[in-house]
Amino acid sequence: MKKSLLLFFIVSIIVLHNSVAQTTQGSVTTKNSFSNPLPIQFGDPYILHTKDMYYMYGTGGGADKGFSAYSSKDMVNWKPEGQVYFHNNKNGWSDPKASWGGAYWAPEVYEVRGKFYLFYSAQWKVNPTKELENFRIGVAVSDKPTGPFVDLASKPVFDPGYPVIDANVFFDTNGKAYLYFSRCCYKHPVKSEVADLAKKNGWYNEIEESWVYGVEIKPDFSGIVGQPVLVLRPPVRLSDKQAEWESRSVTAREVNRRWTEGSVTFKKDNLYYIMYSANHFGGQNYAIGYATATSPLGPFKKAANNPVLQKNTDKGGSVTGTGHNSVTYSPDGKEMFCVYHARTAKTGDERVVCIDRMQVKNGIITISGPTTTPQKLPSGTPTATAGSQSKGE
């Protein structure tokens, strides 16, 4: 009897082991499904897909004044690769002693002509007026997606005269590349009907805003071409259909700021899409919207179905703070995914990574999320159930 019980126990353990794959930090992925959040504590997640591998970069994740990375073959099981960028490389230009520990934010990596270029935001050590927020955008290069990355120059890509964050590079089909970034809210009070409402109600004396700009960037990433163009900003009038969701940080009395940040741009059927995040990145109302244009620098028109991803706690869910996304595809290229950070009831204040399917059709983006229930593995993974999903792009 004891032998039978022992045999039953051993067989049960083997079956359980074969049917469940453990990802890093203990999250569970079954043979044919995965669940959000992924076991990665990143803010601002960005995924690079090169050859048969995925590499994820983000803010935080245990990096010390720099950035770390993870690698994966299937988008759901991730291996830590350690820190890949260090602020004190030979060309480092940032100030690690500035507020927020230098604030190394929002890394994105692109493969160009066999090399890998990391764009990021940090506090610039050239700060004669001792600004609290002195963010600029830098670019570092490596021969491998896992680094080590070394800054191209001992200074930021450019200096617009105000703090900027959240770099995103779009490579157009005509060979030109465009850099998109967010002007920080810092010392940028803006007149609007929302600001008037906040002052009238005694909430805040002024409302600062961040705006998204776009500009052509030189092929070698050594600087910009021309002057930045304003492409997105929060609504001025309360009657604007976007005003309600983009002003929740103010109307919920979280903070006296309205953000437009974390942009990502792509093109489909000769239409340019720019996704962006609004509201306080540290609050529950962080959410994703998008706009479209026929030119990479606009004018962009915000979508009627915004926001396309937001908290679900008002519907019985446990996810808040959904934002700063990137876009990637399944291993076989047939499915499109939105990669974003969020907070859940279980993870608390920590930002964790989520991926959910997204569709782009007839100029409209839809995202099937936020989810925390089991989802089918991305199509084309070794253990994924064969499906008939159409290509998302």
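**Reading strands and a loop residue**

Tutor: In the hairpin of β8 and β9, two residues lie between the strands, and R113 adopts a positive phi near 50 degrees. This is a predicted model, in which local features need pLDDT of at least 70, side-chain atom pairs count only at pLDDT 80 or more, and totals for chains, interfaces and linings use all residues. Residues are numbered from 1 along each chain as its sequence is written, and side-chain values use heavy atoms, with hydrogens and water left out.

Student: How are strands and their pairing defined, and over how many bridges do β8 and β9 pair?

Tutor: Strands are DSSP runs (E, at least two residues), numbered from the N terminus; two of them pair if DSSP finds at least two bridges between them. Strand β8 (residues 105-112) pairs with β9 in the antiparallel sense over six bridges, and V112 has K115 of β9 as its bridge partner. On β10 (residues 135-142), also antiparallel to β9, eight bridges are formed, with F135 as the bridge partner of Q123.

Student: Why is β9 largely enclosed by the rest of the structure?

Tutor: Buried means under 20% relative accessible area (1.4 Å probe, protein chains only). Strand β9 (residues 115-123) is largely enclosed because eight of its nine residues are buried.

Student: Is W259 buried or exposed?

Tutor: W259 counts as buried, at 7% relative accessibility. W259 sits in the loop between β17 (257-258) and β18 (260-268).

Student: Which residues does W259 touch, not counting residues up to four places away in sequence?

Tutor: Contact means heavy atoms within 4.5 Å. On that basis W259 touches C185, S210, S249, S277, A278, N279 and H280. The C-alpha atoms of W259 and N279 are 5.2 Å apart, although 20 residues separate them along the chain.

Definitions and conventions:
Buried means under 20% relative accessible area, exposed over 50%, partly exposed in between (1.4 Å probe, protein chains only). Helices (H or I, at least four residues) and strands (E, at least two) are DSSP runs, numbered from the N terminus.
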